[in-house]
Amino acid sequence: MMWRPGDNDTIAVVSVDPGKYVCGVAVWRGTLQNTVEQNLVWAGLVESAEPEPMARWCDLGVRVRSVCLHTEVKNPDLLVMEQMQVYAQDGARKSDALLDLAGVSGAVAAKVDAAYGCLVLPSAWKGQISRERLTERERMKWLATDKRIALPRSKHTQSDVFAAIGVGRWWWDKSAGRVR
């Protein structure tokens with residue numbers, strides 16, 4: 001069962017799309033009565049160049065925590081993260097990459113230290129659409145000039161930012177009973 005605050009409770013939510021070297025991060029503060037757009041505080045990307053896996057995981061966790069502190073969300077109520085999934089057709093190489101992502105997710109969860117957590121499978125929050133289509137769908141919902149969204153230059157890493165926004169949007173809509 002998913003944690004759900006009261007309709008008028010002001011809450012802080014951090015949504016993350018974990019990656020091996022980058023994480024898309026979106027920080028939210030508001031109530032379920034607000035629109036999703038009203039609740040967004042900041043969205044962007046954190047990166048790590050650490051070559052050693054455990055150091056990289058911890059570095060990404062610290063960087064996500066730093067975003068929380070920078071946006072004055074010192075103690076988030078909820079951390080929402082995409083849960084990685086292994087498919088039958090995936091080989092050993094893909095499974096190794098997912099283990100690396102699990103390390104990132106664990107480090108982010110430990111460093112952010114939210115009161116509650118929510119893992120969501122990709123099929124639950126975005127359905128079966130491609131990453132490119134998801135990026136365009138989210139980009140269309142936000143003004144290109146929205147100062148709360150710090151987009152990197154690379155189109156590929158922009159998709160990480162929009163995925164973090166999409167995961168957060170999914171949680172806000174589901175919690176508020178809005179149909180997507």
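Buried means under 20% relative accessible area, exposed over 50%, and partly exposed in between, with a 1.4 Å probe and protein chains only.

## Basis of the model

This is a predicted model, in which local features need pLDDT of at least 70 and side-chain atom pairs count only at pLDDT 80 or more, while totals for chains, interfaces and linings use all residues. Residues are numbered from 1 along each chain as its sequence is written, and side-chain values use heavy atoms, with hydrogens and water left out.

## Strand S4

Helices (H or I, at least four residues) and strands (E, at least two) are DSSP runs, numbered from the N terminus. Strand S4 covers residues 78-82, and five of its five residues are buried, so S4 is largely enclosed by the rest of the structure. In a regular strand the side chains alternate between the two faces of the sheet. Leu-78, Val-80 and Glu-82 point one way from S4, Leu-79 and Met-81 point the other way, and all are buried.

Two strands pair if DSSP finds at least two bridges between them. S4 pairs with S1 in the parallel sense over four bridges, and Ser-15 stands opposite Val-80 in S4. S4 is also joined to strand S5 (residues 116-120) by five bridges, and these two run parallel. Glu-82 has Val-120 as its bridge partner in S5.

Strand S2 (residues 22-30) is mostly covered, with eight of its nine residues buried. Strand S1 (residues 11-17) pairs with S2 in the antiparallel sense over seven bridges, and the two form a hairpin with four residues between them. Val-14 has Val-27 as its bridge partner in S2.

S2 is joined to strand S3 (residues 40-47) by seven bridges, and these strands run antiparallel. Cys-23 stands opposite Val-46 in S3.

## Aromatic rings

Rings of Phe, Tyr and Trp (its six-membered ring) pair if their centres lie within 6.5 Å; planes under 30 degrees apart count as stacked, over 60 as edge-to-face and the rest as tilted. The structure holds three aromatic pairs. In one of them, the ring centres of Trp-28 and Trp-142 are 6.4 Å apart and the planes are at 55°, so the pair is tilted. Trp-28 lies in strand S2 and Trp-142 in the loop between helix H5 (131-141) and helix H6 (155-176), so the pair ties together parts that are 114 residues apart in sequence. Trp-28 and Trp-142 are both buried.

The rings of Trp-28 and Trp-172 have centres 6.4 Å apart and planes at 50°, so this pair is tilted. Because Trp-28 lies in strand S2 and Trp-172 in helix H6, the pair ties together parts that are 144 residues apart in sequence. Trp-172 counts as buried because its relative accessibility is 0%. Trp-28, Trp-142, Trp-171 and Trp-172 form one aromatic cluster.

## Nonpolar cores

A nonpolar core is a set of buried Ala, Val, Leu, Ile, Met, Phe, Trp, Tyr and Cys residues joined through side-chain atoms within 4.5 Å. The largest has 27 residues, of which Val-13, Trp-28, Val-80, Trp-142, Ile-165, Trp-171 and Trp-172 touch the most other members. S1, S2, S3, S4, S5 and H6 each supply at least two residues of this core, and H6 gives the most, with nine residues. A second, separate core of 17 residues includes Val-25, Val-46, Val-67 and Cys-68.
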